Amino acid sequence: MKRYLCSIIIGMVVILSIGTYYVKVASSASSLPKYTFKTLEGSDKMLDPVIINASLQNGSNFNEPLTIESNTTTYESEKSYLENLTGRQNQQIETLVKEHRSFMRGKYSISSLYEDDDFLAYASVNSEYTKSGNMEAKFDIGLLEKKDEEETSFQVELPNQGRIMNADVRDVQLVHSKLQVLTMNDVNSNNEKQTKEVHLYTIDVANKKVLSDKTLVSESFTYPDQVDFQMPTDVAPSQPNNMVLISLIKGVNHEDGFEEKLKESKLLSYNYETEKLETVKKELLSPDMARSGYADGKNLYAVEMKSGKYRIKTFDLSSQTLTNDTELDIAANKEEQYTAAFKNGRVYFLLGNEVDQDVLTNKPAKLLIADIKTGKTLYKGETVINKKNSKSFELIIGDLEIK
């Protein structure tokens, strides 16, 4: 009886402790300011699909993550234990988990996923170092046939893995029933030089083997020289894409920072269907504009400041031509950072953070929703705060998602 009584007492203590914790958390969160958007133009219904991930800061001693979703602020401390345990997930990942829970178990990277009407595919690199210091790397491959919910999963070794130090999956496509996996690899050069490469692996899912390992780009360099590969923000990372853009950046590391060699840097395009790797002419699209742009496999959307306004330039990736140049009805400010999202023919443009984060400004964040082709404003608003004592806080914008 004493044993059961002890267990009951311990259980009650645990329950009371958890209850006290959540009461304190709720009380703490309720004292924090709530942010909402005041509509200046258009309908506030346009805010329904908008998700803004941000944080509230008060100097260096306080940082509380928050989300503004459907114009409602929720702090991380207000979420349940299970929600905080899993962490914040990409909106597309959450949707896929709800629709295909069994297949999506343990899959968290949106750049490792591919989805069309018939299939959902996954490819990631699973690596570890042995006691001898060598890296063993394998692909984790998964394929789901949606019609009958039939799953295929297996592991297969990366070719030439003895020379690979790190492999990062950046894009996955299904082309002619074969999985195409684009990676950026750090390679062991066995000397003072460093080597970075872009690889395309073709995987036969039916026979569970790697058919080919194609090196698209390989660059070696010695410090203080530096080489890096960057890609535009993918606004449709799991959807079928015919083409990817890769910025090859070359430069030198100085004591005061990195200096890019603009003449040596270039922009490359790769077409999955034609298997052609081409250099994009700089007069059409600069590497800098490309890597800061937003791509969906068909178009690249580049943001430009001109004559005191922001402009959205649309480039057709297949023809490498400028197809649209739209002015947004929002004043350009070099002292403020922007983030953007593109979906269903609309641009969601959020202007918020100061470039100099050491200066507390408390300026409201501005949100503009516009038609990409015409530039017509569909919504315009700015953040307002519900508490008078909020001057000591600053809202730091993280990223913008659209449901």
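1. In this predicted model, Arg 291 and Glu 260 meet through their side chains in a salt bridge, with an N to O distance of 2.7 Å (a salt bridge being a side-chain nitrogen of Lys or Arg within 4 Å of a carboxyl oxygen of Asp or Glu). The two residues belong to distant parts of the chain, Arg 291 to helix α4 (residues 287-291) and Glu 260 to strand β16, and they are 31 residues apart. Helices here are DSSP runs of H or I with at least four residues and strands are runs of E with at least two, numbered from the N terminus. Salt bridges with shared partners join Glu 260, Asp 288 and Arg 291 into one network. Arg 291 is buried, at a relative accessible area of 16%, where buried means under 20%, exposed over 50% and partly exposed in between, for a 1.4 Å probe and protein chains only.

2. A second salt bridge pairs the side chains of Lys 261 and Asp 225, at 3.5 Å from N to O. Lys 261 lies in the loop between β16 (257-260) and β17 (266-271), whereas Asp 225 is in strand β13 (residues 225-230), so the contact ties together parts that are 36 residues apart in sequence. Both count as partly exposed, Lys 261 with 27% relative accessibility and Asp 225 with 30%.

3. Lys 34 forms a salt bridge with Glu 78, and their closest N and O atoms are 3.0 Å apart. This pair also links distant parts of the chain, with Lys 34 in the loop between α1 (2-30) and β1 (35-42) and Glu 78 in the loop between β4 (72-75) and α2 (81-86), 44 residues apart. Lys 34 is partly exposed at 22% relative accessible area, and Glu 78 is partly exposed at 37%. The structure holds 14 salt bridges.

4. What lines the largest pocket? Its lining has 46 residues, of which Gln 92, Asp 234, Val 235, Ala 236 and Pro 237 lie nearest the centre, and its space is about 1300 Å³. On a 1 Å grid over the protein atoms alone, a pocket is an open set of points with protein on both sides within 12 Å along at least five of seven lines, a cavity is a set where a 1.4 Å probe fits but cannot get out, and lining residues have an atom within 4 Å of a point. Grid points are joined across faces, edges and corners, and a volume is the space filled by probe spheres set on them. Among the elements that each supply at least two lining residues are α3 (91-99), β9 (164-175) and β27 (394-402).

5. Two cavities of 30 Å³ or more are present. The largest has a volume of about 70 Å³, and its lining includes Met 243, Leu 245, Phe 315 and Asp 316, with β15 and β21 (309-316) each supplying at least two residues.

6. Two caveats on conventions apply. Residues are numbered from 1 along each chain as its sequence is written, and side-chain values use heavy atoms, with hydrogens and water left out. As the model is predicted, local features need pLDDT of at least 70 and side-chain atom pairs count only at pLDDT 80 or more, while totals for chains, interfaces and linings use all residues.
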